[in-house]
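Please read them with the coordinates open.

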Amino acid sequence: MRPPLRRFVSSAAVLAAALGAAAGCSSPGGSGAGDGPPSAESGTVPGSGGAPPREPGPPPVHGYTMVRALDHDPAAFTQGLVYEDGVFYESTGLYGRSSVRRLDASTGEILHRVDLGGGAFGEGLTLWNDKLYQLTWKENRGFIYDKSTLARVGVFSFPSTEGWGLTHDESRFIFSDGSDILYFLDPESFAVTGRISVRDPGGHVPRLNELEYVDGEIWANVLQTDRIARIDPETGRVVGWIDLTGLLTPEMCAEPIDVMNGIAYDAAGGRVFVTGKHWCLLFEIRVE
Ligand SMILES: [Ca+2]
């Protein structure tokens with residue numbers, strides 16, 4: 001039951017749809033719906049010589065090619081996904097059903113699973129110095145695991161009331177809490193060392209969820225959309241959108257599916273993997 005190879009071509013219509021959706025994602029009181037395409041086009045108005053710097057145009061919307069589909073546990077409410085050396089590491093949520101897992105990246109088979117217990121709702125996950133760091137949603141604590149055994153070796157707290165997504169660059173953890181803000185954290189103390197507000201010409205982009213650091217950019221699932229934001233870590237500006245509409249349709253799975261959530265990057269192989277909450281498949285994709 002593998003879906004056919006499909007290609008999604010970027011188009012003006014897709015861009016318009018994306019900008020429209022972005023307007024719906026604007027923060028309360030923010031520069032939302034009215035600041036979409038008109039604002040983006042203002043940078044092309046002639047006669048502005050010597051005037052303020054131009055606003056960047058709308059970011060490109062990228063399509064995708066589906067390269068490969070792997071089985072994925074449809075019971076997994078995916079909140080974090082990481083790849084390293086032939087293994088996916090996954091964090092799943094929901095009270096009473098949260099877990100951390102190791103998956104065979106060639107088949108999707110669950111190699112090992114450790115449940116969190118009823119008091120914790122698993123969220124974002126990252127791999128740092130051979131240890132897994134898993135957020136919880138509203139418990140204001142995270143768990144540290146040995147990546148090989150999934151034995152819990154520590155706990156940590158983080159400076160936000162909610163934990164959503166987690167990844168890291170060369171020296172910092174990058175953390176989302178469901179707002180438009182991404183926080184940079186010291187990986188030892190978890191103190192906030194910086195933050196960026198994520199925005200595109202449509203305004204601020206809240207509901208940033210699962211994260212992945214990809215070749216100098218931060219990629220973020222935007223909750224309840226089929227889009228991934230490619231974010232400049234220096235400025236917070238969205239430099240591109242990846243629209244994964246149609247990658248998984250409800251007909252492909254026997255059980256109801258939820259939203260896309262889960263990005264993993266194989267830096268050595270340049271491969272991108274995505275899945276979602278209760279998705280029966282996990283995909284390798286190529287971004288166009
Ligand atoms: Ca990830």
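1. Strands β1 and β20 run parallel and are joined by two bridges. Within this pairing, V61 stands opposite W241 of β20. Note before going further that the model is a predicted one.

2. Strand β19 (residues 227–231) and strand β20 (residues 238–243) run antiparallel, with five bridges between them. A229 stands opposite W241 in β20, and R230 has G240 as its bridge partner.

3. The hairpin of β19 and β20 has six residues between the strands. In that hairpin, G236 adopts a positive phi near 85 degrees.

4. These pairings belong to an open sheet of five strands, ordered β1-β20-β19-β18-β17, with mixed pairing. Its edges are β1 (61–62) and β17 (208–214), each of which pairs on one side only. As background for reading the faces, side chains in a regular strand alternate between the two faces of the sheet.

5. Overall content: the chain has two helices and 23 strands. Of its 288 residues, 43% are buried. Among contacts with a separation of 6 or more, 52% are between residues 24 or more positions apart.

6. Which residues have the most contacts inside the largest nonpolar core? They are A220, A229 and F283, and the core has 58 residues. Leaving aside residues up to four places away in sequence, A220 touches G165, S176, L208, N209, L211, I228, A229 and I231.

7. Is L81 buried or exposed? L81 is buried, because 29 other C-beta atoms lie within 10 Å and the cut-off for burial is 20 or more. L81 is found in strand β3 (residues 78–84). Beyond residues up to four places away in sequence, L81 touches F88, E90, E210, G262, I263, A264, F273 and T275. The C-alpha atoms of L81 and L125 are separated by 6.5 Å, although the two residues are 44 residues apart along the chain.

8. Two leucines deserve a look at the backbone. L94 has a phi near 85 degrees, a positive value in a residue other than glycine. L94 is placed in the loop between β4 (87–92) and β5 (99–104). L94 counts as partly exposed because it has 17 C-beta neighbours inside 10 Å.

9. The other is L150, which has a positive phi of about 60 degrees although it is not a glycine. L150 is in the loop between β9 (142–146) and β10 (152–156). Why does L150 count as partly exposed? L150 has 18 C-beta neighbours inside 10 Å, and a residue is partly exposed when its count lies between the limits of 12 or fewer for exposed and 20 or more for buried.

Note on methods: Residues are numbered from 1 along each chain as its sequence is written. This is a predicted model: local features need pLDDT of at least 70, side-chain atom pairs count only at pLDDT 80 or more; totals for chains, interfaces and linings use all residues. A nonpolar core is a set of buried Ala, Val, Leu, Ile, Met, Phe, Trp, Tyr and Cys residues joined through C-beta atoms within 7 Å. Two residues are in contact if their C-beta atoms, placed from the backbone, lie within 7 Å. Two strands pair if DSSP finds at least two bridges between them. Helices (H or I, at least four residues) and strands (E, at least two) are DSSP runs, numbered from the N terminus.
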